[in-house]
Amino acid sequence: MKPGDFVLVDQFLDFTKNRQHTFYEGGERGVVHVDVTDPYCAALRAVLARAAVESSLSVHRSGVYVCTEGPRFETPAEIRAFTMLGGDLVGMTNVPEVVLAREAEMCYATISMVTNFAAGISPTPLTHAEVLETMEANTDNLKQLVMKAIDLMDTKQSCLCGSALKEFGGFKL
Ligand SMILES: [Zn+2]
């Protein structure tokens, strides 16, 4: 994966530290152990993949997203470790939102945009400016992809996201 590439992430590795990870803190409704075998909605990911084809944009159809706490970038040692664990790309935003979306019984998918090579892979020191530059250069493609996906979306749900908390009586705060 290289800067500018889009990735339809299908799995994650969670390396966050200080975030709220659930709507259920063990109060009146107890705790909830939600299934994240397929953490990202497969139906929505399929729509995004189709939208990419119809927009003539190349996307990686799967990828393991490593979510770090940040805000600092990773060390080269961490990147080597994440690679050994099966990670494909690193970011700071996907977790816990993907899990909270599942708890809320929402369909959720993400289009990850690779903005830079990671530490130890990049030949130069990492800068936030290069991240912004790649995002800027790719904004039109991203907009096109999202708009196409909205066109292709089916209002009938063919996935199980909407009943993720069925055995707990559905999503309620
Ligand atoms: Zn879904």
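The legends below describe close-up views of a predicted model.

In this predicted model, local features need pLDDT of at least 70 and side-chain atom pairs count only at pLDDT 80 or more, while totals for chains, interfaces and linings use all residues. Residues are numbered from 1 along each chain as its sequence is written, and side-chain values use heavy atoms, with hydrogens and water left out.

**View 1. An open sheet is formed by three strands in the order E3-E1-E6, with mixed pairing.** Strands (E, at least two residues) and helices (H or I, at least four) are DSSP runs numbered from the N terminus, and two strands pair if DSSP finds at least two bridges between them. Strand E3 (59-60) and strand E6 (112-113) are the edge strands, each pairing on one side only. Strand E1 (residues 6-7) pairs with E6 in the antiparallel sense over two bridges, and Val-7 has Ser-112 in E6 as its bridge partner.

**View 2. Phe-15 and Phe-82 form a tilted aromatic pair.** Rings of Phe, Tyr and Trp (its six-membered ring) pair if their centres lie within 6.5 Å, and planes under 30 degrees apart count as stacked, over 60 as edge-to-face and the rest as tilted. Here the centres are 4.9 Å apart and the planes stand at 50 degrees, so the pair is tilted. Phe-15 in strand E2 (residues 11-15) and Phe-82 in helix H2 (residues 76-84) are 67 residues apart.

**View 3. Tyr-40 and Tyr-108 form another tilted aromatic pair.** Their rings are 6.0 Å centre to centre, with 35 degrees between the planes. Tyr-40 lies in the loop between E2 and helix H1 (42-54), and Tyr-108 in the loop between helix H3 (97-103) and E6.
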